[in-house]
Amino acid sequence: MAIECLVLGAGQEVGKSCVVVSIGGKRIMFDCGMHMGYLDHRRYPDFSRISETGDFNSALTCIIITHFHLDHVGALPYFTEVCGYQGPIFMTYPTKALAPLMLEDYRKVMVERRGEEEQFSYDHIVDCMKKVTTLDLKQTVQVDKDLQIRAYYAGHVLGAVMIYAKVGDTAMVYTGDYNMTPDRHLGAAQIDRLQLDLLITESTYATTIRDSKYAREREFLKAVHKCISGGGKVLIPTFALGRAQELCILLDDYWERMNLKIPIYFSAGLTIQANMYYKMFIGWTSQKIKDTYAIRNTFDFKHVCPFDRSLINASGPCVLFATPGMISGGFSLEVFKQWAPSEKNLVTLPGYCVAGTIGHKLMSGKPTRIDLDKDTQIDVRCQIHQLSFSPHTDAKGIMDLVEFLSPKHVILVHGEKPKMATLKGRIQSELGIQCYDPANNETVLISTTQNVKINATKMFMRSCSHVDLHSVTKSAPCLSDFSFGDSGASNLVRNEKVAEGILVMEKNKTAKILCEDEFLQTLHVKEHNVQFQYSRPLEVCREQVSCQSSSGLLPSNGSSPERW
């Protein structure tokens, strides 16, 4: 059996995650995302590579969505309602609740505000979600008689999971996005030690080793405080769900301790809805939030309030969370145009920004001017501050997960090409595991070993139980003197008698191993013994008789020997 992995998105790039895996005759699509940096045909995965005829229902066994971020779910309504896929779709309860909010917010920004051509409608989003079957953590779901899947907690954002899939004896894990360290509102990723043929893992921070979370938080708070103390405005471009809640918790707690009166605003109207879902799915949050929930709900922020557009040019300092993250459009771009020309203001970028977005341009080196189009330029005189509050794991976390699971093969996705190549080299040299980093639309073929179940008869098992004790010295230790892996135990095993049997494999029956006598009985054949006796040519015998006669060895009466 082999695993075929077709990378339709997030191959040597971050964006439009979509990987189609063929395993044991089953074909699974992991994630169905869009690329936030493109507005042309590169926005969506090339679905024609799944089926040239467009018969996606026959081409796919199921779709599994790991979490609600648009680069993992953004193309799903288009694929189901426009392209026509009607098969099974799986995601967790929080993802099913929050994905429609993200999709509709994106649709409004792109269509109603920017005038882009509509890719899918509000009704498409609703109809798409009706097709979804929900998953719970560590719940094993039998998709059909051969394919089973299981979800594991991934951290990252509310409801995010890693997916374990198994067909027969072939098994794999697709991580989606994950975080190996806990933060203020989510726990760390958790997964069992599994026997895997393949691990497909994100590699966003393939070469980054982060410093302590405490140091990063302190640096962030110091930069924000310095800006507002000087009368400046702080713009924090972020998506409405995920890092927004993490940073709101951090700032709300800091404002409370420092008794600050500077307003903290949140621009997104769906924040109230988002916080409602965070309260609803409190079981998916960090242990600290769950423990204190009965006393105080962490998501009821004291110092965070809604933002009105009329306040963009208001005097005085403030902190504003504006969506979307990466300054890829929408309200965060509108505010950036107004605040960027002032040296007093600060733009702090808390997470990863995809290539092609303004956020990425700011992170790549502070520009003095940004050209939005041929008619619009933005003068950039504000302070730019980048801090890694990203919910992705770093290089150490990726290596820890790969070492823990110890799969036979690893495929890297969701990362930048040169950094992925570095991580690939580390996995192969340090862990001795074959690793691949395919580009978009490339296919990787993974060979696997298929195990066959064999029944052994009682007679054969008895023949296996006899140990050749002649080769074991009196001073040889017993098996209980060894722990697994000791060389002495392996030496003792080599002294055991090797049992011989006959493997019988019949159509539609479980294979079995028999002793020789049983095999003959199975074939209804009687045992035949062939005996061999040494004989000598007659001429040689006569020569010997002649010699004996001349030597006087024959009887005196001259008679011949009784038998030759």
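Valine 7 stands opposite valine 19 in β2, and the strands concerned, β1 (residues 2–9) and β2 (residues 18–23), pair in the antiparallel sense over six bridges; strands are DSSP runs of E with at least two residues, numbered from the N terminus, and two of them pair if DSSP finds at least two bridges between them. This is a predicted model, in which local features need pLDDT of at least 70 and side-chain atom pairs count only at pLDDT 80 or more, while totals for chains, interfaces and linings use all residues. Residues are numbered from 1 along each chain as its sequence is written, and side-chain values use heavy atoms, with hydrogens and water left out.

An open sheet of seven strands runs in the order β6-β5-β4-β3-β2-β1-β22, with mixed pairing. Because β6 (132–135) and β22 (443–447) stand at the edges with a single partner strand each, one side of each is left without a neighbour in the sheet.

Methionine 29 touches, among others, Val19, Phe47 and Phe79 (contact means heavy atoms within 4.5 Å), leaving aside residues up to four places away in sequence.

The structure holds twelve aromatic pairs, that is, rings of Phe, Tyr and Trp (its six-membered ring) with centres within 6.5 Å, called stacked when the planes are under 30 degrees apart, edge-to-face over 60 and tilted for the rest. Two of these pairs are listed here.

| Pair | Centre to centre | Angle between planes | Class |
|---|---|---|---|
| Tyrosine 277 and phenylalanine 281 | 6.4 Å | 15° | stacked |
| Tyrosine 278 and phenylalanine 299 | 4.9 Å | 45° | tilted |

Note on methods
Helices (H or I, at least four residues) and strands (E, at least two) are DSSP runs, numbered from the N terminus.
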